[in-house]
Amino acid sequence: MIRTLKFLLSIHLKRSKGIKQVDGFTLIELLVGMIMAFLIITPLLGFMINILDTDRKEQAKANSEQEIQAALDYIARDLQQAIYIYDATGIACLTGTADTNTCPNASTTGNQLPSPTATDRVPVLVFWKRELVSQAITITGTQKNDTFVYSLVAYYLIKDTSTTWSKAARIARWQIRDGVADPSSTETCGKYLTGQCPSPGFALFKLDGTGTITQKMNAWTKATASYTADTTVLVDFIDQTKTDDASNPAPTAVCSLTSVPASFSVPASFNTRDTAKMTSFYACVDRVNTTAQVFLRGNALARLQNDNVNYKDSSKTYFPNASIRVQGRGYLFTK
């Protein structure tokens, strides 16, 4: 038995000596493996990052398209109630940026609209509208009736350094409204229904006397009280590219001076103000027919980055634009 065990053990030792010992990877093999992994993985990572970046840009583009369309729809509903839309000359008369020869009947104070001399904003669309006030007048007991009042509305293109909003431009809306008259009222603001006083600074336009409707509307003067109504932002992330930027010129306006119909005025935002060098929001106005063609262009890139956000042809797909043409349902006339 012992001899048998010694014999088997000797055979096992002989076989063990014949087995080749396995070593680990050499340094060169590791370096070659790392280089090959780098060459394979790096392009894949770049591809994945590019896909993720494109997805973010497409999502930002979709958001911009939705917001621009929603803003245009809102402006369109507002304009449908318009009874008079100011053209570029009219806005210049109200802000005091036109000379007395252009606006002979206008006020010389030049402060009929808020911030008349500000360079970080420009009034693009200004109009009077007839606005419904629901259930304002009491007929008998608890029975009430609707009425209408006149309002002055202005849409501004704003580009400033506010940290509340994006580094792109934005559109804000401003409005003042007449009150609902009540001869028997004891309201502190005068003969108006309780809670239906005119906005501070509001004064109704005057159509009496000589002159055309345009001259009379351009000569509108606000009341002596200071405005308290503030602008309300309608939409942010509007393209801020300036037309005088040679390296990144803004796209040609869809109703520019060369293509605008004869009945339309010069786009209201094309004046001497610094903000007016942008064509991301402008209106071509036909005051005779109470019609306006409004154009908007957004900036989806400004949602994702803080620099290199100016318009370029190579990235124009991320500057969605839309336009709409609206005719007001009301009108003014004078004898």
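I looked up arginine 173 and found it in strand S4, residues 169-177 (strands, of at least two residues marked E, are DSSP runs numbered from the N terminus). I am working from a predicted model, in which local features need pLDDT of at least 70 and side-chain atom pairs count only at pLDDT 80 or more, while totals for chains, interfaces and linings use all residues. Residues are numbered from 1 along each chain as its sequence is written, and side-chain values use heavy atoms, with hydrogens and water left out.

I noted that arginine 173 is buried, at a relative accessible area of 13% (buried means under 20%, exposed over 50% and partly exposed in between, with a 1.4 Å probe and protein chains only). Its side chain makes a polar contact of 2.8 Å with the side chain of aspartate 78, and another of 2.8 Å with that of glutamine 175 (a pair of N or O atoms within 3.5 Å; within protein, one must be able to donate a hydrogen and the other to accept it, and residues adjacent in sequence count only if both atoms are side-chain atoms). Leaving aside residues up to four places away in sequence, I listed what arginine 173 touches, including Tyr74, Lys129, Tyr155 and Asp230 (contact means heavy atoms within 4.5 Å).

I then turned to backbone angles. Threonine 290, in the loop between strands S6 (281-286) and S7 (291-297), has a positive phi near 50° and is buried, with a relative accessible area of 6%. Asparagine 308, in the loop between S7 and strand S8 (321-327), has a positive phi of about 55°, but this residue is exposed, at 60%. I kept both entries because most residues other than glycine have a negative phi.

Terms used
Helices (H or I, at least four residues) and strands (E, at least two) are DSSP runs, numbered from the N terminus.
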